[in-house]
Amino acid sequence: SSLSNISLSSSVTKINEFSFSSCKNLKSIEFPLDIKLLTISPYSFSYSSLESITIPLSVTKIENGAFYYCNFLKSINFIQGTELQSIGKDSLTGTSIEKIIIPSTVDFIGDFGISKCSKLKKNRIFI
């Protein structure tokens, strides 16, 4: 796909499996403040070229492999007041994230959810 930027509608509640997987030109995604998005499904953005993402307040689940091998993904941000509860297995494997602040609302991180970020150092994970 030649998509480089995506702007979603506020009525979106779920990004389905593999929706933007392998979109090699996809660098950014924009979410409206009032988006109803609850779930980022497995491998939704895997192998894309996202560089950064801010997870909307309404998202409760980032499922397995959501950002799997997004090699250019350097930052994932969570808005204060987030409702995020879980980060699935291999969600951030293969990204370039160097630092992450896990919201206190997260009560589950799947195997290798954040541990296989090649540039992430253990002392740069904050909860």
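1. The largest nonpolar core here has 32 residues, and those with the most contacts inside it are Ile 40, Phe 45, Ile 53, Ile 55, Ile 62, Phe 67 and Ile 76. By nonpolar core I mean a set of buried Ala, Val, Leu, Ile, Met, Phe, Trp, Tyr and Cys residues joined through side-chain atoms within 4.5 Å. Buried is under 20% relative accessible area, exposed is over 50%, and partly exposed is in between, with a 1.4 Å probe and protein chains only. Two elements, S5 and S7, each give two or more residues to this core. Helices (H or I, at least four residues) and strands (E, at least two) are DSSP runs, numbered from the N terminus.

2. Before going on, a caveat: this is a predicted model, where local features need pLDDT of at least 70 and side-chain atom pairs count only at pLDDT 80 or more, while totals for chains, interfaces and linings use all residues. Residues are numbered from 1 along each chain as its sequence is written, and side-chain values use heavy atoms, with hydrogens and water left out.

3. Have a look at Ile 53. Not counting residues up to four places away in sequence, Ile 53 touches Ile 29, Phe 31, Phe 67, Leu 73, Ser 75, Ile 76 and Asn 77. Contact here means heavy atoms within 4.5 Å.

4. Val 59 sits in the loop between S5 and S6, yet Val 59 counts as buried, at 0% relative accessibility. Setting aside neighbours within four places in sequence, its contacts are Leu 37, Leu 38, Ile 40, Thr 82, Glu 83 and Leu 84. The C-alpha atoms of Val 59 and Thr 13 are 8.7 Å apart, although 46 residues separate the two along the chain.

5. Now the rings. Rings of Phe, Tyr and Trp (its six-membered ring) pair if their centres lie within 6.5 Å; planes under 30 degrees apart are stacked, over 60 edge-to-face, and the rest tilted. That rule gives seven aromatic pairs. One of them is Tyr 47 with Tyr 68, edge-to-face at 5.8 Å centre to centre and 85° between the planes. Tyr 47 lies in the loop between strand S4 (39-40) and strand S5 (52-55), and Tyr 68 in the loop between strand S6 (61-62) and strand S7 (75-78), so this pair ties together parts 21 residues apart in sequence. Both are partly exposed: Tyr 47 has a relative accessible area of 37%, and Tyr 68 comes in at 21%.

6. Tyr 47 also pairs with Tyr 69, this time stacked, at 6.1 Å centre to centre and 10° between the planes. Tyr 69 is in the loop between S6 and S7, so the pair ties the S4 to S5 loop to a part 22 residues away in sequence. Tyr 69 is partly exposed too, at 34%. Ring pairs link Phe 18, Tyr 43, Tyr 47, Tyr 68 and Tyr 69 into a cluster.

7. Most residues other than glycine have a negative phi. Phe 18, however, has a positive phi near 60°; this residue lies in the loop between strand S2 (14-15) and strand S3 (28-30) and is partly exposed at 46%. Ser 22, in the loop between S2 and S3, likewise has a positive phi, of about 65°, and is partly exposed at 40%.

8. How many disulfides does a search of the whole structure find? Zero, taking a disulfide as a pair of cysteine sulfur atoms within 2.5 Å. As for cysteines, Cys 23 is buried at 6% relative accessibility, and Cys 70 is buried at 0%.
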